[in-house]
Amino acid sequence: MIFAIEEINNRTDILPGINLGYKIYDSCRDVRLALKTAMALVNGQEDGQMDGCNEQSRVPVIVGQTSSSPVTGFTTALSPFNIPVISHAASCACLSNKIRYPTFFRTTPSDYYQSRALVQLVKHFGWTWVGAIRSDTDYGNYGMATFVQIAQNEGVCIEYSEAVYRTYPKEKFIKIVDIIKKSSSKVIVAFVSFSDLEYLLNELFNQNVTGYQWIGTESWISARNPTFVKYYKLLSGAIGTSIITTEIPGQQEFLLNVHPSTIPGNTGLNSFWEFLFNCSLSKQNNTDLPACTGSESLSKISNQYTDLSNNGYSSNVYKATYVVAYALHNLLSCQNEKRPAANGTCSVKMPINPSQVLNYLKSINFSTSYAENFYFDGNGDPAAKGKTYDLVNWQLNADGMIEFVTVGEYYAFLSEGKFVIDYNNIVWAGSKRNEVPKSVCSESCRPGTRKAVQKGRPICCFDCIPCAEGEISNKSDSTDCLKCSLEYKANKQKDQCILKDIEFLSFEENMGILLVSLALLGASLTISIAFVFYLKRDTPIVKANNSELSFLLLFSLTLCFLCSLTFIGQPTEWSCMLRHTAFGITFVLCISCVLGKTIVVLMAFRATLPGNNVMKWFGAMQQRLSVCMFTFIQVIICTLWLMVSPPYPNKNTHFTEILILECDVGSVTAFYAVLGYIGFLAALCFVLAFLARTLPDNFNEAKFITFSILIFCAVWITFIPAYISSPGKYTVAVEIFAILASSFALLFCIFLPKCYIILFKPEMNTKKNLMGKVKSK
């Protein structure tokens, strides 16, 4: 500050003809002493000395101090008097509240950005389970509260949060050390001042608690405290945010040219001088030390005083001093005044009113000697721009001294905060200095699982639950599993959706080959029987009971066997329409023929009664018409079905592992109308055949028809539950089996006995034998 004031006083463009003076007091980090000193500064009744002035006066601006708690105290007390306070290091986010602190300004960023930076830092390195230590002050409590709030939103959990203060009893520090030792987190975020941290470190040192990765704030991470060398084994590899280091032109030379003086209040420098050069400045030398010659030079010394690395606070003080100078300059030159004095200058009454300075501070805007543009935002904080913090890492140099190595930068106002980090230059805590430590409550959940929070514990403590069937998670630590789309399934690892296995009854598989073989066998047998009947068409057994209906029945049975082939293979739009309509029409044609044959049997025996001429009403023409009529009704039903809502190929996605290609019936009503009509004809045929079973004849065909229709109905009745319960392609297989079974039943029961007589009992194939009467049961 003295360097900046002397620089300003030597300039002609700022406050020409006016010298700035200063009064410096040490508040000893005590809130009450800071408040007392601040009140003394503003009322002009202090007992201390001042440089540059020969009379006591009230100061219009206070620059200071480092800690937030004293600042909140005296800023609150001084705000009714509109006395501005500019701090170079009081970073508590609470001070941005202009309602409570309307006269406060600062040249250091608010801790809100530092808290956010620390959260992003721990999250960046995967530390989701951390411990927290804070100073029991405004700085520590507000800063940690902001850190915890942001951390919770970012998925970082706090295992413990403990407050420390230098006046706490030793038992309190022992308790905190026990908490740290029992914890499972390996990362400690310390939002503390170095004076408070030292007491905790001393107890950690006594109990040899090492191996923790410390994350620090600007108040201690780059503090050149000599005692920290002792604690390096505890803090090795510590990393944290630091105030930006800035090289101020001329500052190094100024510091090296400082010499002891006899001015009262400068005893601190005198004691430091005696310590550095091992001599005495006292005129009455009562020690064994030699007297200082005055020719000693700081340029030959290399220590904390001459080392200007990590000097962020110095640049903040420098800017704060210039803020005051520019505000006074603007005030005295009446900038922004609408009506200056007649002679072109402004007349400002002395002493300067602090409220006038306060108004000019709000609109200050200047550039420093190192080309940084500075101005305040609406909260009295430095305006948002550029780099906000340096990222500092604790390392040991070749001399065994702690070195604060800058390993990155943080831009608070770039995309909600962004780090630029030199990973290769970081030294980490623990035995593996080149490996990032791990600090998690639960290990990361691999893809294919999801996180399930453990009951009663923070969200960072969870179990990894495998995804359910048909669900995946394709990234680590997923909170939910994603359901695969209907045509996809989860792979074995459940981290990717893959296409389901497509399934349909194909001609190449064993079941398809078997069913095709049975269908072709049935069709071949039917054609063979038709061929035998054609060769023996003039024999009584073929001519009996309308041979024309028999050939038509054999033709329809052949179609029934062949229509089952349309159910095999990948469904297409044409195959779906063909299979259901062909099945419905061919089966109705078949049952119509059987029904016609049954009616013929009944009519034939009734015609043998005296005076009964019923056969003339059901001759060959009527039989053909009845078959055509019954079949035509089914054709109409099928035509309406195809016109309104025809069957179509569909992908059945209800199964988790397979995608079934099947034919959807389209109109369920039409489908059941087709089946219902077939069932109605079959039931009618069964009733008529059952009535005709007792008619006297050596070869009563009604018995065989009854038995065939009985098997036919049994097959299709059992088909319903089997069809519903069969999965996938087996549904189609059951339907094909029902078609083949019912077709074989009609073929064998009606035609096999006739073929047996034709081929093996030709002597029974006579009209006399067929007309012979048998005793009725």
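A polar contact is a pair of N or O atoms within 3.5 Å; within protein, one atom must be able to donate a hydrogen and the other to accept it, and residues adjacent in sequence count only if both atoms are side-chain atoms. This is a predicted model, in which local features need pLDDT of at least 70 and side-chain atom pairs count only at pLDDT 80 or more, while totals for chains, interfaces and linings use all residues. Residues are numbered from 1 along each chain as its sequence is written, and side-chain values use heavy atoms, with hydrogens and water left out.

**View 1. Surroundings of Ser-183.** Ser-183 sits in the loop between helix 6 (170-182) and strand 6 (187-191); helices (H or I, at least four residues) and strands (E, at least two) are DSSP runs, numbered from the N terminus. The Ser-183 side chain reaches the backbone oxygen of Ile-180 at 2.7 Å. Neighbours within four places in sequence aside, Ser-183 is in contact (heavy atoms within 4.5 Å) with Glu-159, Tyr-160 and Tyr-212.

**View 2. Salt bridge between Glu-162 and Lys-172.** A salt bridge is a side-chain nitrogen of Lys or Arg within 4 Å of a carboxyl oxygen of Asp or Glu. The closest N and O atoms of Glu-162 and Lys-172 are 3.9 Å apart. Glu-162 belongs to strand 5 (residues 157-164) and Lys-172 to helix 6, 10 residues apart.

**View 3. Salt bridge between Glu-509 and Lys-729.** These side chains meet at 2.7 Å, N to O. Glu-509 lies in the loop between strand 20 (501-503) and helix 13 (510-535) and Lys-729 in helix 20 (residues 729-760), so the pair ties together parts that are 220 residues apart in sequence.
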